[in-house]
Each structure stands twice: as structure tokens, then as C-alpha cells.
Amino acid sequence: MAIHRNLMLARLVAAAGASLFLLGAQASSESVRKAKPAPVQPAAAPVALGDEELLLSTQVSVGNIPCELGQSVTLRADADAPGYFHLQLKNQRFHLRPVMSATGALRLEDQARGAVWIQLANKSMLMDQKQGRRLADECMSPLQAAYAEHLRHNPAPNLLDVAQKSR
């Protein structure tokens, strides 16, 4: 059971790393700081979510979440649309909905603005798919920070080592 959990975690971390590699470099804090605030206006009325998406939404960490480089995001549930979330990074605001992920990572998307929030066991990140860059990385709720510390002392096994042992 522990090996299965570690294998799943290792897959999540590997998938997140690959996504970050493909999406490019981190946003410059200057360009983000100079942008004018964008109002939270969903393009259309939120679409009702299915049971699986609603279940995913219950697993999302909310609150003021500190990130690297002194940034922080505020993530809160949308009281008017069950399962949806409002995310704010400085003066940028996004309206996110849960999306099923093949990797098992929690994924929230604002398709209109191209924003993606990915929540792993040990960290979260905000990406801009339209511009191909990270907006915030190493965002950790208290639970994620505790798990990241646990991984520092008890690293997950290498995927190749696990695959060779199972043969």
C-alpha cells in the first residue's frame, strides 16, 4: 500500500515537473505588478458540475497560500457556484473550475483566461497557458508544507527503481 502511494506521488511530481518544463519560464514580477486589476467576470454563467468534479472540489486547499519569491495567492470557494473557485494573485483574478486529470493531480482551470491551478500533495502552482509561463510556483498550504518536509526526510522511490523491482 505504501509503495503504491509512493508510486502515485512520484508520478504526480514527475507530471508536474514535465508540465512546468513545457510551460516555460517564470513571469517577471515587474510586468505583473504594473498590470491593472481585472474584474472577476466569468464569460458566461457557470456550467453545473458533475458529481466527479464536485468531489474534486472538496479536496482543494483554500485560503491565503504563500508562494516562492514573496508572492501569495488567495483561493476561495465561489459561494454562488458550487465547486467553482476565485483565485487572486496580486491584481489578477481568475474564476476556476475543477477538471479531471489523468495524473491524479487536482487541476482547476479558467478556460476563458487560460489559467491553470495545479495542486499536488507537496505544492501548488499557477500557470498561464496562453502565454506559456508560470505565474506562481512553490505555493504551499500548511498541509502541503508539512508533506514537503516529510518528503525531504523520506524521499519517494525513483520510478525506475520501483519498475525494476516489480518485474
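Here are some questions and answers about the chain shown above.

Q: How do you know what kind of model this is, and how are residues numbered?
A: This is a predicted model, in which local features need pLDDT of at least 70 and side-chain atom pairs count only at pLDDT 80 or more, while totals for chains, interfaces and linings use all residues. Residues are numbered from 1 along each chain as its sequence is written, and side-chain values use heavy atoms, with hydrogens and water left out.

Q: What makes up the chain in terms of helices and strands?
A: The chain has five helices and eight strands. Helices (H or I, at least four residues) and strands (E, at least two) are DSSP runs, numbered from the N terminus. Along the sequence, they follow the pattern α-α-α-β-β-β-β-β-β-β-β-α-α.

Q: Why is histidine 95 called buried?
A: Histidine 95 has 9% relative accessibility. Buried means under 20% relative accessible area, exposed over 50%, and partly exposed in between (1.4 Å probe, protein chains only). The value of 9% falls under 20%, so histidine 95 counts as buried. Across the chain, 40% of the 167 residues count as buried.

Q: What makes the pairing of histidine 95 and aspartate 78 a polar contact?
A: Their side chains make this contact at 2.6 Å. A polar contact is a pair of N or O atoms within 3.5 Å; within protein, one must be able to donate a hydrogen and the other to accept it, and residues adjacent in sequence count only if both atoms are side-chain atoms. The distance of 2.6 Å is within 3.5 Å, so it meets the cut-off. Histidine 95 itself sits in strand S4.

Q: Which residues is leucine 108 in contact with, leaving aside its neighbours within four places in sequence?
A: Among them are Val60, Leu75, Phe85, Leu96 and Trp117. Contact means heavy atoms within 4.5 Å.

Q: Why is lysine 90 called partly exposed?
A: Its relative accessibility is 34%, so lysine 90 counts as partly exposed. Lysine 90 is in the loop between strand S3 (85-89) and strand S4 (92-99). Although lysine 90 is not a glycine, it has a positive phi of about 50 degrees.

Q: What makes glutamate 138 partly exposed?
A: Glutamate 138 has a relative accessible area of 31%, so it is partly exposed. Glutamate 138 lies in strand S8 (residues 133-139), and its phi, near 55 degrees, is a positive value in a residue other than glycine.

Q: What classes of residue are found in the lining of the second largest pocket?
A: The lining has seven nonpolar, six polar and no charged residues. Here Ala, Val, Leu, Ile, Met, Phe, Trp, Tyr, Cys and Pro count as nonpolar, Asp, Glu, Lys and Arg as charged, and the others, Gly among them, as polar.
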